[in-house]
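Hi there,

Here is the structure I promised to pass on to you. Have a look at it first, and then read my notes below.

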Amino acid sequence: MIDHQRRVAIIGAGVGGLSQAIALKTKLRFHDFTIYEKGSEVGGAWRANTYPGCSSDVQIHWYSLSSDLYPLWNKSHGLQPEIQAYWIKLAKKYNLYPHIAFNTKVLSAEWDDAKQQYAIVVEDIFSGKRMSSVAHVVISAVGVLQAPKIPYEVPGVRKFRGTSFHSAQWPGSIDMQNKRVAVIGNAASGAQFVPFISEDPSVEVVNFIRTPTWFNSRPHIPYSDTEKWIFANIPLAMRLHRAWIMFWFDFPSIVRPSGKALKKRREAMTKYILDNAPTRYHDHMIPNYPPGCKRTVANSGFLDILHRPNLTLNFDGIANIVENGIITKTGEMLPFDVIIYATGFISDRYSMHVRGLNGATIQGYYDAHGGPTAYLGTAVPSIPNFYLLVGPNTGIAGSALFMEEVQIGYILQLIEPVLSGSASSFTVKASPTDIYNTKVQERISRSVFEQCHSWARTNGTGKVYNPFPWAATLWWWWLRKPNWDHYVAVGAEKWVWARRKKAVKNILKCAAVLMLSWSYISGSAQRIFYNMVVSPLLFSMPIN
């Protein structure tokens with residue numbers, strides 16, 4: 001039974017926060033929760049990133065909530081408006097809007113050990129008004145794509161007098177016709193919107209590339225009406241399609257390729273870039289690090305449009321940004337009206353103040369361990385009843401939503417005793433956290449992840465804190481149920497007693513099954529022995 005005095009706070013109304021809220025309602029029948037969202041609508045990254053061409057890198061049928069598969073996706077990869085509409089629809093279906101405090105930023109969450117609850121301070125984005133609340137459980141669903149990174153280390157960033165913005169803050173009314181546009185960066189976002197903004201021949205686009213990236217072919221294949229009908233009407237068809245996508249992504253992690261196979265892969269990816277890019281860029285387009293070290297970019301049109309006369313790639317490096325343009329490291333001055341930063345996000349620091357036991361903080365724990373670190377990417381030592389979705393070392397080449405759903409199932413098991421009132425708090429221990437992360441880093445040290453400068457490393461060259469270096473199926477296996485020995489439970493006498501009773505019942509059930517099975521087997525053995533040995537002997541004996 002749920003204790004209605006308990007409260008849950010969820011930070012962020014993106015796909016993780018909404019999925020967690022849906023699970024609370026449907027799995028635990030728990031409704032006393034608040035979602036704090038700094039934006040004005042749900043969707044998280046899909047609300048914020050409205051740049052043209054924004055889409056999922058992963059096939060959309062795997063990047064959908066497992067409880068709410070959607071048969072009518074238009075293409076194999078969903079576009080931002082379609083994905084955003086899907087999550088708005090789910091928020092309405094599960095009546096989540098009354099639980100959401102929009103335009104509200106969480107400033108801090110501090111644990112009161114005497115009361116076994118968090119004191120939360122939030123701020124209204126527009127008025128600046130601060131408010132306080134309490135929660136017994138806090139779930140952080142802020143993700144890694146919520147703090148746009150502007151390269152302020154480049155001299156003069158603030159001097160530019162034209163229009164400038166990050167791709168995650170795309171202005172709705174921007175008109176680029178007859179403008180000179182600089183795009184800084186060409187990873188996932190840049191490769192998606194550059195084909196769209198350069199479509200107008202009056203727009204002169206220069207894409208500044210510091211480090212080339214690996215591309216692979218990932219066309220957006222439309223689903224036919226027949227396929228949509230099959231997904232909607234044939235039982236299990238959509239789930240089998242989803243399972244196949246997952247297998248296709250996960251198989252290389254299950255069966256690690258040989259050195260020969262990796263070499264062939266690199267050669268094939270090199271050939272793919274050279275076959276599609278103009279000859280004048282060949283000397284600059286091939287990365288000097290192995291595929292997989294950084295996120296491989298899906299080529300959904302970028303390489304194909306490099307032949308456009310109004311698009312130029314610049315590999316000279318940026319020395320300075322001035323009032324009316326950019327000065328390259330070769331000394332060339334290039335005038336611009338617009339600068340678009342496709343420079344990623346700040347992900348190696350936790351975005352708010354969270355204090356747990358004895359003054360411990362999440363950022364302090366990160367700093368002490370060389371970068372973001374957590375137990376199973378979900379819990380941090382000395383921070384009770386606080387859980388991270390898409391925490392450290394949870395990134396895979398496939399669906400982030402799948403990883404979050406696995407975490408959510410794990411978190412539900414941890415918080416159910418708290419919400420039912422049979423326990424006050426659970427805190428992960430430091431020792432199993434250290435053991436787990438030593439294992440993670442040892443695996444990473446034998447992979448390609450340490451062979452390049454990357455946003456997934458502390459300060460670009462330090463600890464690798466983003467990728468999960470195994471198969472997603474192993475993630476599911478490890479998080480299918482908590483190892484309770486790895487947690488310190490407080491106020492859990494009822495819960496411990498209930499677990500012991502359940503364990504005794506299970507033992508008795510097993511014993512009863514074994515006894516019945518043994519009785520049946522021994523009885524059967526006796527009958528077989530009698531029929532095969534004793535009975536023939538009796539009938540073969542002479543009668544006097």
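Helices (H or I, at least four residues) and strands (E, at least two) are DSSP runs here, numbered from the N terminus. Please keep in mind that this is a predicted model: local features need pLDDT of at least 70, side-chain atom pairs count only at pLDDT 80 or more, and totals for chains, interfaces and linings use all residues. Residues are numbered from 1 along each chain as its sequence is written, and side-chain values use heavy atoms, with hydrogens and water left out.

Let me start with Arg7, which is found in the segment before strand E1 (8-11). Its side chain makes a polar contact of 2.8 Å with that of Thr34 (a pair of N or O atoms within 3.5 Å; within protein, one must be able to donate a hydrogen and the other to accept it, and residues adjacent in sequence count only if both atoms are side-chain atoms). Beyond its neighbours within four places in sequence, Arg7 has contacts (heavy atoms within 4.5 Å) that include Phe30, Asp32 and His136.

Next comes an open sheet of five strands, paired in parallel in the order E8-E17-E9-E10-E13; two strands pair if DSSP finds at least two bridges between them. Strands E8 (163-166) and E13 (311-314) are at the edges with a single partner strand each, so one side of each has no neighbour in the sheet. Within the sheet, E9 (residues 180-184) and E17 (residues 338-341) are joined in the parallel sense by four bridges, and Ile184 has Tyr341 of E17 as its bridge partner.

On to the aromatic rings: the whole structure holds 32 aromatic pairs (rings of Phe, Tyr and Trp, the last by its six-membered ring, with centres within 6.5 Å; planes under 30 degrees apart count as stacked, over 60 as edge-to-face and the rest as tilted). The ring centres of Tyr70 and Tyr86 are 6.4 Å apart with planes at 50°, so this pair is tilted. Tyr70 is partly exposed at 24% relative accessible area, whereas Tyr86 is buried at 6% (buried is under 20%, exposed over 50%, partly exposed in between, with a 1.4 Å probe and protein chains only). Phe426 and Trp484 also form a tilted pair, with centres 5.2 Å apart and planes at 50°, and both residues are buried. One aromatic cluster is made up of Tyr375, Tyr436, Phe468, Trp470, Trp475, Trp478 and Tyr487.
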